[in-house]
Amino acid sequence: MGTEYKSKKELDDEDWDRYRKKQNDIFERKKAKFEAEGFKCKTEGCGKSFMDYNEWQIHVTKHQDDLKAAMICNQPKCGQKFANRRAYNEHCESHKKELKLRIVNSIRSVLLYNKHGLLLDAFESEFRGMIGKPLPYKFLGYNSMYDLLVNWPEVVEVTHVGGGQILLIGVPDRKTEHIAKMVGNQRDTREGFNRRTGEVLSRVRGDIIHKIEKMTGRKTRIVPEFMKKQVEQLIGVEMFGTGLLLSEFPRVYNQEFAYPLDFQCYGFHNLEDFCFHGLQGSAEVDLDGFSWKLVPVGYKRSNISSQPTEIPPDVKQNIKKLLSENPFGLSGPSFLRR
């Protein structure tokens with residue numbers, strides 16, 4: 001009896017079920033903790049618990065007002081007291097700068113690992129799940145999370161994808177540029193890291209997808225060393241002693257290594273671009289008649305005459321005229337017919 005393999009959809013559904021079960025377990029633990037403790041005040045020396053959220057919020061706000069009136073810093077592990085209001089305000093601003101830097105790093109850590117970005121509502125839940133608490137936009141003086149993100153273009157690209165959905169794409173800095181490039185070189189898919197984002201992106205128009213890919217197009221146009229070694233190994237096989245036809249290259253590569261030659265994920269526009277500019281130093285492209293072949297570095301065909309025939313001037317002139325009439329080029333068979 002042969003082995004039965006599950007389809008990609010079945011595997012995705014199983015992953016989704018496991019994820020939902022994990023989230024449900026987290027929710028149940030939080031619910032049990034809340035039923036036992038309620039909303040607990042975390043102010044040092046207090047520790048009161050409230051079952052009603054509004055009562056807890058009023059209580060916490062009163063603590064904040066009392067600390068502000070006494071010019072005592074209300075940030076955890078600080079509690080510094082000041083004698084004048086100016087020094088107190090400057091100290092509070094320094095905390096805001098530190099917090100902004102941490103938030104910027106947290107936003108990038110959430111968004112940069114999602115190649116095609118995250119929807120705004122998905123980002124909110126992903127941020128809370130990864131960092132452990134919601135984005136404190138009010139502390140930084142914004143009315144909503146959207147207002148904060150729109151005003152930080154150096155951190156987030158905000159774009160509307162239709163249907164009232166907002167897509168967020170991380171903008172790297174110098175410290176995180178290498179991460180963005182690694183993610184950008186990953187295989188292009190529409191699933192995305194977040195299931196909800198993947199579902200929305202699978203339904204948007206092609207021009208919007210192109211716009212998104214342009215914003216996230218941090219391709220390096222650098223072929224990994226392992227792939228160069230694979231190509232060297234392939235063209236070194238005896239049966240390709242006179243070179244491997246470029247038209248056959250993707251099929252042979254897939255047959256030999258059991259996965260497709262996905263050159264576009266490295267930023268190359270087509271197979272010729274990949275072979276000419278990506279494989280330099282590992283392989284060369286040689287024109288044999290009207291067919292391009294992939295050959296080892298330094299390869300020389302033995303049947304090339306040492307004294308090439310001189311092309312008559314009238315033939316050169318006709319070729320020049322033919323090419324000027326066809327600025328986008330001609331295929332080999334078309335060139336011969338013309």
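**View 1. Helix α2 gives the most residues to the lining of the largest pocket, eight of them.** The structure shown is a predicted model. Helix α2 spans residues 53–69. The other elements that give two or more residues to this lining are α1 (8–37), β1 (39–40), α3 (85–111) and α4 (120–131).

**View 2. The centre of the largest pocket, with the lining residues that lie nearest to it.** These residues are Lys42, Trp56, Val60, Gln64 and Lys133. In total, 45 residues line the pocket, and the space inside comes to about 2300 Å³.

**View 3. Residue classes in the lining of the largest pocket.** Nonpolar residues number 21. Charged residues account for 13 of the lining positions, and polar residues for 11.

**View 4. Strands β7 and β8 form an antiparallel pair.** Strand β7 covers residues 284–288, and β8 covers residues 291–295. Five bridges connect the two strands. Within the pair, Asp286 faces Lys293 of β8, standing opposite that residue.

**View 5. The turn of the β7 and β8 hairpin.** Two residues lie between the strands. At Gly289, phi is positive, near 70°.

**View 6. Strand β8 also pairs with β6.** Strand β6 consists of residues 244–245 and runs antiparallel to β8. Two bridges join β6 and β8, and Leu244 stands opposite Leu294 in β8.

Methods:
Residues are numbered from 1 along each chain as its sequence is written. This is a predicted model: local features need pLDDT of at least 70, side-chain atom pairs count only at pLDDT 80 or more; totals for chains, interfaces and linings use all residues. Side-chain values use heavy atoms; hydrogens and water are left out. On a 1 Å grid over the protein atoms alone, a cavity is a set of points where a 1.4 Å probe fits but cannot get out, and a pocket is an open set with protein on both sides within 12 Å along at least five of seven lines; lining residues have an atom within 4 Å of a point. Grid points are joined across faces, edges and corners, and a volume is the space filled by probe spheres set on the points. Helices (H or I, at least four residues) and strands (E, at least two) are DSSP runs, numbered from the N terminus. Ala, Val, Leu, Ile, Met, Phe, Trp, Tyr, Cys and Pro count as nonpolar, Asp, Glu, Lys and Arg as charged, and the others, Gly among them, as polar. Two strands pair if DSSP finds at least two bridges between them.
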